[in-house]
Structures are given as structure tokens and as C-alpha cells.
Amino acid sequence: MLLHIDSSADPTADSVTRRLTADFAREWRALHGPADYRHRDLTATPVPPLTGGYTRLGRRVEREGFVPPAKVAALIESPAEAREWELTLPLITELAAADTVVLGVPMYNFSVPAALKAWIDRVTFPGAFAHPDTGESLLAGTRVVAVLARGGAYGPDTGRAALDFQTPYLKAWTGRLGVRPEHFHPVAAELTRVDVLPLSAGQEEAAAASLAEARAQLSRLAAVG
Ligand SMILES: Cc1cc2nc3c(=O)[nH]c(=O)nc-3n(C[C@H](O)[C@H](O)[C@H](O)COP(=O)(O)O)c2cc1C
């Protein structure tokens with residue numbers, strides 16, 4: 001199953017990440033079959049931030065050791081915890097069912113949008129992706145394609161690489177969930193606001209090259225599966 005997630009606050013076709021994730025999904029579905037597909041738009045349907053019910057239930061689950069999601073409901077002790085679990089379980093189930101996840105991730109203030117962070121916080125429930133018998137990750141075979149877009153440039157020769165908190169953050173998070181490092185594919189389109197930002201003037205060619213390279217990388221990744 002392909003899980004397609006968008007998090008740009010811009011709902012229009014001006015959004016670079018939305019255009020690229022849509023192209024990826026179209027190519028993937030043409031090659032691997034259209035049916036096995038879910039699209040989650042975190043701006044149109046935001047994931048609510050965590051509350052105390054989530055953290056209380058999470059601590060109880062941690063004390064019990066590895067509790068598979070199917071057995072968490074039996075540990076719920078209050079309506080607040082039940083509400084939080086109702087919001088969380090469908091997201092866990094959806095991610096666990098995905099073979100490939102394509103994440104649209106605009107850079108907001110050097111990092112990921114709050115809408116995406118809310119989904120990440122909620123879906124990363126204790127033990128949610130651990131095999132109940134072995135503790136091994138259920139996401140060891142899952143591929144994550146992170147489509148990044150930023151107004152600036154953060155490559156190794158820009159002197160600004162240390163300001164990119166998107167890529168290292170997503171690498172750390174997917175790694176913690178048990179996604180293999182070779183299954184995490186960050187693809188960045190840079191200088192996306194070259195048309196409007198005076199600081200980017202004269203960088204039109206570099207912007208076009210970055211977008212073309214991102215498209216080519218995504219086509220290769222969609223073909224793999
Ligand atoms: C709230 C906000 C914060 C942003 N912060 C940064 C930033 O820290 N660095 C940067 O290079 N671009 C920044 N940008 C520009 C976006 O990363 C850029 O417009 C990108 O293309 C957004 O993705 P989208 O086109 O899919 O909406 C920011 C844009 C917004 C709206």
C-alpha cells in the first residue's frame with residue numbers, strides 16, 4: 001500500500017511538495033496498481049495535538065512492556081484516554097499497512113510543519129510498530145520517501161547545511177521507528193521562492209535544476225516500488 005501524506009499549509013497547486021507528492025503517487029499507482037492507496041492531507045484534516053490522556057495511556061503501555069495496538073484498549077482507564085486512543089489507532093494501523101510512505105514536507109522555520117509534527121507525535125505511540133513476540137520493528141521493510149521543499153538552499157557547499165533540521169530530524173525519527181537507513185529517501189527541491197524572494201534573485205537556473213533533479217529522483221523511486 002502507498003500512503004501519501006501532505007502537510008503544506010498551502011492547499012493549492014502553488015505548493016511544490018503537493019505537486020511532487022501527487023506526481024509520485026500518480027507514477028507509483030500507474031506502475032504498481034491504483035487500488036492500494038491512501039491519501040492523508042494533514043492541513044485539510046489536521047491531527048489534534050496530544051493531551052494528557054495520550055501520555056497517561058502511553059506510560060501505562062510502557063510499564064506493561066510490548067503491548068500490541070490491538071490490546072491497548074484493554075488498558076484504557078478513562079474517557080479522556082479512550083478519546084486519545086480513538087484518534088491514534090487509525091493512524092497507527094494506516095502506517096503499519098504501508099509498504100511505501102511518501103511524505104510532503106515543506107521547510108517551516110528550518111524544520112517540519114507543525115501539522116506533520118502532530119501526526120508524527122501521535123503515530124509514534126509506545127510499542128506501536130514493535131512485533132509483540134520479538135520486539136522487532138514492523139516497519140523494517142517500509143520505504144519512506146520524504147519530499148522536501150525550501151525557499152533557501154542548504155546543500156553542503158552553501159555554508160547553511162547545519163540549518164537544515166528537516167533531513168536529520170526525519171532520518172532520526174524514521175530510524176527510531178525501525179525504518180532501515182537505506183529505505184529512507186530524502187529528496188529536496190530548493191530555492192522554491194526564487195520568483196518572489198529578492199535574496200534568491202539570479203538563482204533561477206539553480207532553482208530549476210534543483211526541481212528537475214528532485215523530479216528525476218522521485219520518478220526513479222516510484223519505479224522501484
Ligand atoms: C511559515 C513558513 C516558514 C518558512 N520557513 C522557511 C525556512 O526556515 N527556510 C526556508 O528555506 N524556507 C522557508 N519557507 C519557505 C518554504 O519552505 C517554501 O515556500 C516551500 O516551497 C514550502 O513548501 P510548499 O511549496 O509545498 O508549500 C517558509 C515558508 C513558510 C510559509
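**Note on a helix pair and a ligand site**

1. Helix H4, which spans residues 79–96, packs against helix H5, residues 114–123, at an angle of about 90°, and the two axes are 9 Å apart. Because angles of 65 to 115 degrees count as roughly perpendicular, H4 and H5 are therefore described as roughly perpendicular to each other. Please keep in mind that this is a predicted model.

2. On the H4 side, the contact is made by Glu84, Leu87, Thr88, Leu91, Ile92 and Leu95, while H5 contributes Trp119, Arg122 and Val123. Sorted by class, the residues of this contact between H4 and H5 comprise six nonpolar, one polar and two charged.

3. Turning to the ligand, there are 16 residues around it, and those that come nearest are Ser8, Thr17, Met107, Tyr154 and Thr192. The shell around the ligand divides by class into seven nonpolar, seven polar and two charged residues.

4. Which atoms of the protein lie 2.7 Å from an oxygen atom of the ligand? One is an N or O atom in the side chain of Tyr154, and another is an N or O atom in the side chain of Thr192. With Asn109 it is a backbone N or O atom that lies 2.8 Å from a nitrogen atom of the ligand. On its own the ligand has 630 Å² of accessible area, of which the protein covers 74%.

Methods:
Residues are numbered from 1 along each chain as its sequence is written. This is a predicted model: local features need pLDDT of at least 70, side-chain atom pairs count only at pLDDT 80 or more; totals for chains, interfaces and linings use all residues. Side-chain values use heavy atoms; hydrogens and water are left out. A residue is near a molecule or strand if one of its heavy atoms lies within 4 Å of it. A polar contact is a pair of N or O atoms within 3.5 Å; within protein, one must be able to donate a hydrogen and the other to accept it, and residues adjacent in sequence count only if both atoms are side-chain atoms. Accessible areas come from the Shrake-Rupley method with a 1.4 Å probe; for residues, only the protein chains shown count as cover. Ala, Val, Leu, Ile, Met, Phe, Trp, Tyr, Cys and Pro count as nonpolar, Asp, Glu, Lys and Arg as charged, and the others, Gly among them, as polar. Axes are lines fitted to C-alpha atoms, for helices over the stretch in contact, and angles run from 0 to 180 degrees between N-to-C directions. Helices (H or I, at least four residues) and strands (E, at least two) are DSSP runs, numbered from the N terminus. Angles under 35 degrees count as roughly parallel, over 145 as roughly antiparallel, 65 to 115 as roughly perpendicular and the rest as oblique. Contact means heavy atoms within 4.5 Å.
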